[in-house]
Amino acid sequence: MIILPTEKRFDARHTPTVLIGIVLLNILVFFFYQGDDNNKIYSALSTYEEQNFLEIEWPLIQDYLKAQNELDALDDLLDLHDDKQTQDLMVHILLRTDFYQHVFRNPYQLIGFQNADRWLEHRGKINRLIENLSFNAYGLKPAELSFTTLISHQFLHGDVMHLLGNLFFLVFCGFAVEAAIGHLRFLGFYLLSGVAGGLAHAAVDFSSTTTLVGASGAISGVMAMYLAIFRLKKIEFFYWFFVVVGYMRAPALVILPIYIGKEIVSFYTDGGSNVAFMAHAGGFVAGSLLMLGNYFISPKTIDKAYVEEDQSIDPFQQALADIYTHIEQFRFAAAIKAVDAAIERFGANLRLAQLRVQLTQLDSEQAQRQSQALLLGLVPESQRQLQQQSELVKAQPQALALLDAELRYQLTVRLTALHDLGAAEVVFASLQQDAKPHESLGVLAKKLALAFKALHKPTKAKRYEALAQEWAGI
């Protein structure tokens, strides 16, 4: 389930400089700092494998996890071992720096005198590489809480999708919050929400050594701030629940307990997930309390003019949402009517035309031809759209009969820009068959001749050069 506030649209008059800085910092940290993590892991694994330390440590890690009563973690390692996923098994062992410290304290007794010196020499180097991994160095470990990691963990991410997902929600809500409360206050509240999210996550188990990374707590705080800014005012939300998608209006603060409740319920019902649900809930609560305190202490710092400014949903976007709602509910006839109504209201455009082509694929042949002709008559906005028109011409040339000569002429001119001139020839042929030839047909033939000449196809070039001369005399 996704519920996103969409009351405000991006406004160039309120440039979100802090938000842009946070986004850029997250991207730079991920690609230029965290990007070296793979090299460190590869180097650690190579040494570990060369020294055959898995054979030495495999029985020791099992005894250690039993002694720590971490039976679930032990089961996971046993599954990897049974499935012969050796590399994943080694990674899991290497990431347990607490296990390394356990063996390091008494290596001669646990490993034996024969291998202990070699283990101490190489395993220490391996462990230093592991400790220097970004999430180990600056991620938040409940058992080792510090002010530094309460801040730094907010700028680290597990993978590209984790990064992009967080930045999407941050940008979606952040620009409006920054515009409403100001740059510095936004930065402070953002970081404090992230700290609160980290503390809420740690409070579940202060003895945990599992690392938390990500801006989810801070972003949850930003979403809560968005709602707190509008309080009981009815604002617009986008919702996505399985296959049901659309917009709704509701009092802002009514949604806040839904957010918090969802995260708490997920925490208790989805224990196997890697998502830090309590960090989300902590961020939500912190963002709400920060805005509440702001209202009581310095209410004038909120830009009321911006908050009250009407930015109702764009009518075209609402029309599109209605069309997609019909499609999701398999009401295709209603969707076609909605597309036609949108075309009548806003005029034909490529997005609506493409939707109509898709929706009429199972309709009558006449309805299909009308949709295809509508799409072919529009000026494309990109090379990809022009290519789509080319493919449609070659697949459904009958649709050209519904286009007047001028539209077909303009379509041919556009199609000559493509490397494949097959569609341009098809449209040109339809113009030749008209009872009354287009007045510039000779010019068009000349254009095709030049296009084929540029593609080093002299036979076709000569043919259209002859046609140009023929039509020029008519």
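Me: Buried means under 20% relative accessible area, exposed over 50%, and partly exposed in between (1.4 Å probe, protein chains only). Is Phe 30 buried or exposed?

Reply: Phe 30 counts as buried, because its relative accessibility is 11%, while Phe 31, with a relative accessible area of 49%, is partly exposed. The model is predicted, so local features need pLDDT of at least 70 and side-chain atom pairs count only at pLDDT 80 or more, whereas totals for chains, interfaces and linings use all residues. Residues are numbered from 1 along each chain as its sequence is written, and side-chain values use heavy atoms, leaving out hydrogens and water.

Me: How many aromatic pairs does a search of the whole structure find?

Reply: A pair of aromatic rings is described by the distance of the centres and the angle of the planes. Rings of Phe, Tyr and Trp (its six-membered ring) pair if their centres lie within 6.5 Å, with planes under 30 degrees apart called stacked, over 60 edge-to-face and the rest tilted. The search through the whole structure gives 16 such pairs. In one of them, Phe 30 and Phe 31 have ring centres 5.0 Å apart and planes at 85 degrees, so this pair is edge-to-face.

Me: Why is the pair of Phe 316 and Phe 346 edge-to-face?

Reply: The planes of Phe 316 and Phe 346 stand at 85 degrees, with the ring centres 5.5 Å apart, so the pair is edge-to-face. Phe 316 lies in helix H17 (residues 315-328) and Phe 346 in helix H18 (residues 332-346), so that the pair links distant parts of the chain, 30 residues apart. Helices (H or I, at least four residues) and strands (E, at least two) are DSSP runs, numbered from the N terminus. Phe 316 is buried at 17% relative accessible area, whereas Phe 346 is partly exposed at 32%. Elsewhere, Tyr 100, Phe 104 and Trp 119 form one aromatic cluster.

Me: Which residues touch the most other members of the largest nonpolar core?

Reply: Such a core is a set of buried Ala, Val, Leu, Ile, Met, Phe, Trp, Tyr and Cys residues joined through side-chain atoms within 4.5 Å. The largest one here has 48 residues, of which Leu 170, Ile 181 and Met 291 touch the most other members. Helix H13 (residues 216-230) supplies the largest share of this core, eleven residues. A second, separate core of 35 residues includes Leu 403, Ala 424, Phe 428 and Leu 448.

Me: In what order do the three strands form an open sheet?

Reply: The order is E1-E2-E3, with antiparallel pairing, where two strands pair if DSSP finds at least two bridges between them. Strands E1 (2-5) and E3 (244-251) stand at the edges with a single partner strand each, so one side of each is left without a neighbour in the sheet. Four bridges join E1 to the antiparallel strand E2 (residues 234-241), and Pro 5 stands opposite Phe 237 in E2.
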